[in-house]
Amino acid sequence: MSYLKTVATSEATGDVADVYQEVTTSFGGVPGIMQVHSAVPFHLRQKWEFIKHSMQNPNLSGALQATIRMTVSQGTACTYCIDMNAGMLMNMFGWTAEQVAVTQADPANANLDERETALLLFILKAVKDSNSTTQADVDALRTLGYSDEDIYEGLALGAWMVAGDIVSNALHVERDF
């Protein structure tokens, strides 16, 4: 599964079992990328709480979040995360393989509305070079109706993905979907 020993779902106890049950209820199973965090149950809980919180933001659609995760992961060459989120876009949000491919080739042409595309491009700009963003970038997102909370949450999701991609790549989490 990965270079680290992880807690199998059948062997989970305590908080790890609780998190695994919540993840299973939400996603139908516990992906390997979540299981790798079982090496430190505190981190597993934190990652899950972050994911649950992000999923509840009504201004960041599930499709936008999956697109953020997929395109950020392209920059870190995390094939696990790229493929998982591409699959989510197709299986959960009805995107076609062609729409996913177009988005991967040029995120400016993502199958998102203008507002969501603007936030996506801001996040990609920031994770590529965090010193490149400007007040004008943030103001443009506010003009599109995003609150500071939305902007922060989207950016935090992008930054979280970079960290998750590093973990996935360095520990060689195997594709399990």
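Visitor: Which residue forms a salt bridge with R142?

Guide: The model is predicted, so local features need pLDDT of at least 70 and side-chain atom pairs count only at pLDDT 80 or more, while totals for chains, interfaces and linings use all residues. Residues are numbered from 1 along each chain as its sequence is written, and side-chain values use heavy atoms, with hydrogens and water left out. A salt bridge requires a side-chain nitrogen of Lys or Arg within 4 Å of a carboxyl oxygen of Asp or Glu; here the closest N and O atoms are 2.9 Å apart, and the partner of R142 is D139.

Visitor: In which helix do R142 and D139 lie?

Guide: Helices are DSSP runs (H or I, at least four residues), numbered from the N terminus. R142 and D139 are three residues apart, about one turn of the helix. Both belong to residues 135-143, helix α8.

Visitor: Is R175 buried or exposed?

Guide: Buried means under 20% relative accessible area, exposed over 50%, and partly exposed in between (1.4 Å probe, protein chains only). R175 meets D83 in a salt bridge at 3.0 Å, N to O. D83 lies in helix α5 and R175 in the segment after α9, so the pair ties together parts 92 residues apart in sequence. D83 has 30% relative accessibility and is therefore partly exposed, whereas R175, at 52%, counts as exposed.

Visitor: How many residues apart in sequence are the parts that K52 and E22 tie together?

Guide: The closest N and O atoms of the K52 and E22 salt bridge are 2.9 Å apart. K52 lies in helix α3 (residues 41-55) and E22 in helix α1, so the bridge ties together parts whose separation in sequence is 30 residues.

Visitor: Which residues are linked with E22 and K52 in a network of salt bridges?

Guide: E22 is partly exposed at 27% relative accessibility, and K52 is partly exposed at 22%. Their network of salt bridges also contains D15, R45 and E49.

Visitor: How is α4 oriented relative to α9?

Guide: Two packed helices are described by the angle between their axes and the distance between the axes. Helix α4 (residues 62-76) and helix α9 (residues 148-170) pack at about 50 degrees, with axes 9 Å apart. Angles under 35 degrees count as roughly parallel, over 145 as roughly antiparallel, 65 to 115 as roughly perpendicular and the rest as oblique. The orientation of α4 to α9 is therefore oblique.

Methods
Axes fitted to C-alpha atoms, helices over the stretch in contact; angles between N-to-C directions. Helix = DSSP H or I, 4+ residues; strand = E, 2+ residues; numbered from the N terminus.
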